[in-house]
Amino acid sequence: MIDARVAASFGKQSMMASLGAELMAAGDGRCVIRAPRLAQFGQQHGAAHAAVAFALGDSAAGYAALTRMPEGQEVMTAEMKINLLAPAMGEAFEAVGEVVRAGRRLTVVRAEVFALSGGTRKSVALLQGTMIGV
């Protein structure tokens with residue numbers, strides 16, 4: 001299931017388009033985004049740049065929050081922290097975002113980013129932050 005508001009907003013994101021990202025699921029406080037590993041977003045050691053993990057995790061967490069916000073609102077990140085757990089090596093990446101607590105004004109979220117390679121799925125980053133409706 002993909003929430004229509006999330007799909008419409010995601011479709012306007014040039015950053016996600018640049019990463020080749022695809023919205024896999026979005027609804028009921030959860031969002032999944034997947035993107036291929038692209039050579040142009042690599043860093044000097046051969047892994048994907050940390051900015052890729054941050055962008056995917058931030059978007060997945062933000063869209064998870066949007067599914068809990070009232071109609072007519074959009075979402076923006078108020079703050080976000082990332083822990084990089086391992087080099088982002090893989091054929092693709094998947095970010096799973098979820099709402100921890102939705103308040104009246106602020107929504108606390110978290111996301112985990114995985115590197116996908118063959119049949120393996122390895123956690124490479126954890127994010128936690130706060131989203132605000134705008």
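This is a short tour of a predicted model, going from its sheet to its cores and then to a single residue.

Stop 1: Six of them make an open sheet in the order 1-2-4-5-6-3, and the pairing is antiparallel. Select residues 22-27, which are strand 1, and residues 75-84, which are strand 3: these are the edge strands, and each pairs on one side only. On average, neighbouring strands of the sheet are turned by 20 degrees against each other, direction ignored. In general, the strands of a sheet pair through backbone hydrogen bonds, either parallel or antiparallel.

Stop 2: Five bridges pair strand 1 with strand 2 in the antiparallel sense. Which residue of strand 2 stands opposite Ala 25? Select Val 32.

Stop 3: Now select strand 3 together with strand 6, residues 120-133. They run antiparallel and are joined by nine bridges.

Stop 4: Select residues 50-66, which are helix 3. Helix 3 packs on the sheet and touches strands 2, 3, 4, 5 and 6. Its direction makes about 40 degrees with that of strand 4, residues 92-102.

**Stop 5: the cores.** Show side chains. The largest nonpolar core has 37 residues, and the members that touch the most others are Met 16, Ile 33, Leu 56 and Met 131. Among the elements that each supply at least two residues of this core are helix 1 (4-10), strand 1 and strand 2. Which element gives the most? Helix 3 does, with 10 residues.

Centre on Met 16. Leaving aside residues up to four places away in sequence, Met 16 touches Phe 10, Ala 21, Ile 33, Ala 55, Leu 56 and Ser 59. There is also a second, separate core of five residues, including Val 32, Ala 92, Phe 114 and Leu 116.

**Stop 6: Ser 117.** Select Ser 117 in strand 5. Is Ser 117 buried or partly exposed? It is partly exposed, because its relative accessible area is 32%, and buried would mean under 20%. Not counting residues up to four places away in sequence, Ser 117 touches Gly 90 and Glu 91. Finally, select Met 89: it is 28 residues from Ser 117 along the chain, and the C-alpha atoms of the two are separated by 8.2 Å.

Methods:
Residues are numbered from 1 along each chain as its sequence is written. This is a predicted model: local features need pLDDT of at least 70, side-chain atom pairs count only at pLDDT 80 or more; totals for chains, interfaces and linings use all residues. Side-chain values use heavy atoms; hydrogens and water are left out. Two strands pair if DSSP finds at least two bridges between them. Helices (H or I, at least four residues) and strands (E, at least two) are DSSP runs, numbered from the N terminus. Axes are lines fitted to C-alpha atoms, for helices over the stretch in contact, and angles run from 0 to 180 degrees between N-to-C directions. Contact means heavy atoms within 4.5 Å. A nonpolar core is a set of buried Ala, Val, Leu, Ile, Met, Phe, Trp, Tyr and Cys residues joined through side-chain atoms within 4.5 Å. Buried means under 20% relative accessible area, exposed over 50%, partly exposed in between (1.4 Å probe, protein chains only).
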